[in-house]
Amino acid sequence: MFCNQCEQVAKGGSCTTIGTCGKKSEVAALQDLLVYALKGLSMVAVEARRMKIVDKAVDEFTVSALFSTLTNVDFDPERFINLIKECVKRREDLKNKLKAAGGSTDFKEAPATFTPDETIDGLIKQNEELSDYPEEINEDIKSLKLTTLYGLKGVAAYAYHAQILGYKDNAIYDYTHEALRSMLSSDMSLEDWIALTLKCGEINLKVMEILDAAHTETYGHPVPTEVPLGVKKGKALLVSGHDLYDLEQILRQTADKGIYVYTHGEMLPTHGYPSLKKYPHFYGHYGTAWQNQSKEFAEFPGSIVMTTNCLQKPHDSYKDNIFTCGLVGWPGISHIQGQDYEPAIKRALELPGFKEDKPGKTIMTGFGRNAVMGVADKVIEAVKSGAIKHFFLVAGCDGAKPGRNYYTEFVEKVPRDSVVLTLACGKFRFFDKDLGSIGGIPRLLDIGQCNDAYSAIQIAVALSKAFGVGVNDLPLSMVLSWYEQKAVAILLSLLHLGIKDIRLGPSLPAFITPNVLNFLVEKYNIKPITTPDEDLSAILNKEIVEA
Ligand code: FSO
Ligand code: SF4
């Protein structure tokens, strides 16, 4: 087993026996074989496109299958066996279409021709024999190939959420196939790989834009919303992950059933969407970020639905209460078929629910681009008057490492005349802190999920237009935390936009070689986080020197 795609990677730079995430070596092998098979499918899809054959089902399958291999999505070997077989079947069907159209189907490369073994042991053995980079001796190219593959998994996650709501764009699928196919090529230079890697950031920007449209056109623009962190007496159902469509179906199917629906983790910002917040039984938010789920799910007295990542090994104490849906999977855990949530609803009704009302704190969410731009005049005025001197985007993923306390401390220490914008699950390090407000503008603005990074970029672009300067010249600093591959895609988008001076933590990706890192430092001045005091002082002193 070799996996180094996330921040939780084992010491030494790769997980080699079992993943820190709980991924077993057999699942790692099947995921690798699936990616290998997808490269073959993409090879045929690129050729088919040359003949003007675009198979939409193949495109959507590619995205779903890639997303399945993202960290903390699917741990079920059976599902990967089926995906590998489906991939090869789709590849052969596409070859037939290509042949019928007069195209060449003379593929020599193994990923475009291999037949999957019938048994799991045979598939694992096949994976061992089919080394992904047999020709790749250049460590830097290998690093860029992995960066592109991981970025592509992030792109696939966003594209999957968008395509579920009917939002698609051929440019995304074109790039996905082209990049997967390119991973088999041995004649691309380092420069070619740098270009293809940065192109992943450009495509990711496009897919995030489409996802933003999918969410805001389907559910309305988020509005600032107060979300209770306490609980209501009654039956309860908890929704975790990121998918808005699943949540909507759950809200519809639980209406009038005497169940209160709560969000967990990255579902928190869904309370801000007009078409979701209208349900009276959509009550509040329970718990914090994904890595605390084993404690929080064990204490939740209702059923739990995991719509996407990040899933951890379900403990015995709640394994009968938790349900996966969509691409998420864990062997032995009930999986919701289609969007029929009846089993989770039935379980919620069997479980005791909360015995009494327990009012708690409330927090604010819903500061997407529309809401923030709605108060743009106030923001600009506050900057011009000197009431707001700096913006910090403290955003990204949470995780289990103790070093992530940096982000809590950083937010606690930012000067009183600055505003903190945040998104993704990293915010649970400080989401319930009362930072007060400046001239009616809250000092802590929750833009949304990691899936809403496009909204943050639009806010930065709007500010730069308002002040007539480039984004890099704004009094805006990005202090980011990464965990899985969506963060890789977002980082590539920021680089594609030419954003400089990003601080990244809690550690740098294991798949980046020193030479690739040097390139990023020289071109984008990207740097690792140090201590909150040191980083704040460097950021604010730079500003004084520049002023
Ligand atoms: Fe977090 Fe997990 Fe949203 Fe990630 S729940 S860590 S970037 O998968 O998706 O922010
Ligand atoms: Fe290790 Fe992360 Fe890969 Fe899991 S996803 S096996 S923790 S590198």
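1. The model is predicted, so that local features need pLDDT of at least 70 and side-chain atom pairs count only at pLDDT 80 or more, while totals for chains, interfaces and linings use all residues. Residues are numbered from 1 along each chain as its sequence is written, and side-chain values use heavy atoms, with hydrogens and water left out.

2. The structure holds 31 salt bridges, a salt bridge being a side-chain nitrogen of Lys or Arg within 4 Å of a carboxyl oxygen of Asp or Glu. Among them is a network that links Glu7, Lys401 and Arg404.

3. Glu47 and Arg50 form a salt bridge at 3.0 Å, N to O. Both residues belong to helix H1 (residues 25-50) and are three residues apart, about one turn of the helix; helices are DSSP runs of H or I with at least four residues, and strands are E runs of at least two, numbered from the N terminus. Glu47 is buried at 18% relative accessible area, whereas Arg50 is exposed at 58% (buried: under 20%; exposed: over 50%; partly exposed: in between; 1.4 Å probe, protein chains only).

4. In helix H4 (residues 120-129), Lys125 and Glu129 are four residues apart, about one turn of the helix. Their closest N and O atoms are 3.2 Å apart in a salt bridge, and Glu129 is exposed at 55% relative accessibility.

5. A salt bridge also joins Lys433 to Glu412, with 3.2 Å between the closest N and O atoms. This pair links distant parts of the chain, 21 residues apart: Lys433 lies in the loop between strand S9 (418-423) and strand S10 (437-438), and Glu412 in helix H14 (residues 405-413). Lys433 is partly exposed at 29% relative accessibility, as is Glu412 at 45%.

Key
Chains lettered and ligands numbered in written order.
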